[in-house]
Every structure is written in structure tokens, then in C-alpha cells.
Amino acid sequence: MFQIDPVRHMRFPENEENIMSQVVENTISDAIIRNFAEKFRTNLTLDVAIVGGGPSALVAAKTLADAGVKVAIFERKLAPGGGTWGGGMLFNEVVVQDDAIYILDEFGIKHRELDNAPGYHTLDSVEMASALIYGAVHAGAKIFNSVSVEDIVFRDEKVGGLVINWTPVERLGMHVDPLTVLSKCVLDGTGHPSEIIRLAVDKAKVQLDTPTGNILGERPMWVDKGEASTVENTKEYYPGLFACGMSANNVMGGYRMGPIFGGMLMSGKKAADLIIEKLKK
Ligand code: 48H
């Protein structure tokens with residue numbers, strides 16, 4: 001009569017609709033598994049692997065993807081966006097200063113200048129998070145969410161990729177071996193803890209390009225200093241290993257700045273520009 005093979009493409013010779021209704025569940029599963037597998041397989045080798053999907057990383061990802069660089073973000077949480085969503089103390093507004101407004105405009109994010117503080121703009125943090133995510137993905141960056149980076153690939157004294165596992169595996173403490181992704185460059189966008197640079201120091205025993213060769217540690221709040229240092233501290237700390245956003249500030253001992261995000265956005269731009277230059281060499 002007729003054979004149905006849900007893994008290959010299906011053929012419905014006679015009562016097509018009837019058969020379709022019996023196999024649609026498997027059609028959905030098959031489509032998801034095949035498309036995810038293809039997305040994952042085709043991103044096992046990257047130009048740039050970014051750890052963390054916070055604001056600085058999302059700007060870097062879009063800028064890299066716009067330049068034709070093959071880039072993917074690996075984000076521990078289900079929802080990328082990092083510390084953007086909650087604004088300041090869960091009041092879901094953030095502030096961005098004039099210098100970074102051009103980046104908001106690139107992503108189509110609305111903003112309003114403060115009448116009592118010219119040069120500073122407020123914006124909706126939910127609009128910002130969602131627009132940054134959409135902008136990065138739409139430009140061609142891939143985001144693998146609920147994926148935690150637990151280690152780095154370290155070959156010939158260079159950082160050459162990431163060791164990844166599902167976040168639920170990490171959270172439940174399951175003894176499940178990870179998989180790997182190779183990349184020419186790794187960008188640590190993990191925010192305050194600088195998790196990837198920390199791994200490089202603790203496990204690979206590398207000397208970072210800092211005054212001590214180690215992580216200096218974040219300093220307390222000083223808004224304008226922190227904003228400037230976030231951008232200054234965005235750089236390559238070890239061959240193949242860059243840091244952006246709060247991670248860069250933590251590595252180089254910069255000040256924190258609270259819910260003002262211009263420095264994060266500009267740090268993402270700078271990281272992408274430095275990596276593009278490196279990839280050209
Ligand atoms: C996968 C990981 C891992 C891992 C962490 O903190 P973020 O929002 O990142 P930034 O630096 O772009 O933005 C910082 C900003 O949100 C902030 O905190 C500010 C401005 N603070 C100022 C202040 O004074 O406090 O996002 C980092 C992301 C998060 O989504 C993590 O889940 C993710 O990285 N992440 N993902 N594998 N090992 N570690």
C-alpha cells in the first residue's frame with residue numbers, strides 16, 4: 001500500500017491528508033532535529049566564538065557578522081541579553097550617553113534625551129535586549145542558548161576554541177562529557193566574573209597582557225571612569241583570547257558603572273574591530 005518514512009521525505013500516495021495528520025508530530029520533531037543538527041555541525045568551526053550573550057557581546061556579534069565573519073555566541077541562560085533586561089534595580093529603563101547613540105540607531109532602538117542632563121538618553125531595557133538579540137541574529141550571527149562554556153581548547157600555547165555542555169547538565173552536576181567548538185579567536189563576554197579569562201589563567205597558566213599577568217579584579221562604582229575604562233580595557237589579553245564589556249573591566253581592574261550601557265555597546269564595537277584586524281593578518 002504505502003510506506004511512511006518520517007526520517008526521509010514522506011510520500012502520500014492516496015489519502016494524503018489522512019496520513020499527514022498521523023505523522024505531523026514526527027514531521028515537527030524531524031524538522032527540529034535535522035535543522036538544529038545542521039546549524040550545530042556547520043558552526044563547529046568558527047572564525048570567532050563568543051562566550052556570553054550580554055550587550056557587549058551582541059554588539060560585537062552583529063558587527064562581526066556584518067563584516068562577513070563567521071561568528072556564534074554560546075550563552076548559558078535560556079534568554080540572551082545578559083544584564084540588560086532588568087534595567088536599574090528592576091526599573092526596566094537604562095541610560096546611554098551621546099557617544100554610543102549611533103549604536104542604538106544601528107539596531108533601531110528608540111531613546112529619549114534627558115531634559116535635565118543633556119547628552120544622556122533613557123531607553124526601555126526590554127526593547128534594548130530584544131533589539132540587540134534580533135540585530136545580531138539577523139546579521140548572521142548564530143546564538144546557541146542554554147549552552148555553558150566549561151573550558152577552553154588550548155593548543156600550541158594558543159586559545160583555539162571552547163568546550164561546551166548543556167546548561168541543565170552543568171546545573172544538575174551530571175557527569176556528562178562535553179563537546180568542542182574550534183575558532184580562530186575567542187571573545188570573553190561573560191560579564192563580571194570573566195569566566196573564560198579565568199579558565200585561561202587557572203587551567204592553562206597563561207600570562208595575560210596585564211601589569212601582573214593575572215586578573216586585577218573589578219573596582220567599586222565610579223561611573224565616568226568605569227565607562228571609559230570598559231572601552232580602553234577591551235583588547236586581546238592572550239593570543240586568540242579577547243575580552244569585552246564588564247569582563248574586560250574585571251580583568252584590567254576597571255571601575256563599575258551601574259545601569260549606564262554606552263561603554264558596553266562601544267566595547268562590543270571595539271572588540272569586533274580588533275578581531276577583524278587580527279583575522280586579516
Ligand atoms: C556561557 C556565560 C558563561 C559561560 C557567563 O554580564 P553581561 O550582561 O555582559 P556585558 O559585559 O556585556 O554587560 C554587562 C552589564 O550587563 C552589566 O552587568 C553592567 C553594566 N554592570 C555594571 C555594574 O556596575 O554592575 O552578560 C554576560 C552573559 C550572561 O548572559 C551570562 O549568562 C553569560 O554571559 N555567561 N555563558 N558560558 N561560562 N558565563
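Student: How many residues surround the ligand, and which are the closest?

Tutor: Please bear in mind that this is a predicted model. A residue is counted as a neighbour if one of its heavy atoms lies within 4 Å of the molecule. Here 27 residues surround the ligand, and the closest are Ser56, Glu75, Gly83, Arg256 and Gly258.

Student: Which classes of residue form the shell around the ligand?

Tutor: The shell consists of 13 polar, nine nonpolar and five charged residues.

Student: Which helices and strands each supply at least two residues of that shell?

Tutor: They are α2 (55-66), β2 (71-75), β7 (147-155) and α8 (245-252). Strand β7 gives the largest share, namely three residues.

Student: Where is an oxygen atom of the ligand 2.6 Å from an N or O atom of a side chain?

Tutor: To read polar contacts, one looks for pairs of N or O atoms within 3.5 Å. The side chain of Ser56 has an N or O atom 2.6 Å from an oxygen atom of the ligand. For the side chain of Glu75, the corresponding distance to a ligand oxygen is 2.7 Å. The backbone takes part as well: an N or O atom of Met257's backbone lies 3.4 Å from an oxygen atom of the ligand.

Student: How much of the ligand's accessible area does the protein cover?

Tutor: On its own, the ligand has 800 Å² of accessible area, and the protein covers 92% of this.

Student: What lines the largest pocket?

Tutor: Its lining comprises 33 residues, with Gly82, Gly83, Thr190, Gly191 and His192 nearest the centre. By class, 15 are polar, 13 nonpolar and five charged. Elements α2, β2, β7 and α8 each supply at least two residues of this lining.

Student: What is the volume of the second largest pocket, and which helix gives the largest share of its lining?

Tutor: The second largest pocket holds about 160 Å³ of space. Helix α7 (residues 223-232) gives the largest share of its lining, five residues. Among the lining residues are Gln97, Tyr120, Val223 and Met266. The lining divides into six nonpolar, three charged and one polar.

Technical notes: Residues are numbered from 1 along each chain as its sequence is written. This is a predicted model: local features need pLDDT of at least 70, side-chain atom pairs count only at pLDDT 80 or more; totals for chains, interfaces and linings use all residues. Side-chain values use heavy atoms; hydrogens and water are left out. A polar contact is a pair of N or O atoms within 3.5 Å; within protein, one must be able to donate a hydrogen and the other to accept it, and residues adjacent in sequence count only if both atoms are side-chain atoms. Accessible areas come from the Shrake-Rupley method with a 1.4 Å probe; for residues, only the protein chains shown count as cover. Helices (H or I, at least four residues) and strands (E, at least two) are DSSP runs, numbered from the N terminus. Ala, Val, Leu, Ile, Met, Phe, Trp, Tyr, Cys and Pro count as nonpolar, Asp, Glu, Lys and Arg as charged, and the others, Gly among them, as polar. On a 1 Å grid over the protein atoms alone, a cavity is a set of points where a 1.4 Å probe fits but cannot get out, and a pocket is an open set with protein on both sides within 12 Å along at least five of seven lines; lining residues have an atom within 4 Å of a point. Grid points are joined across faces, edges and corners, and a volume is the space filled by probe spheres set on the points.
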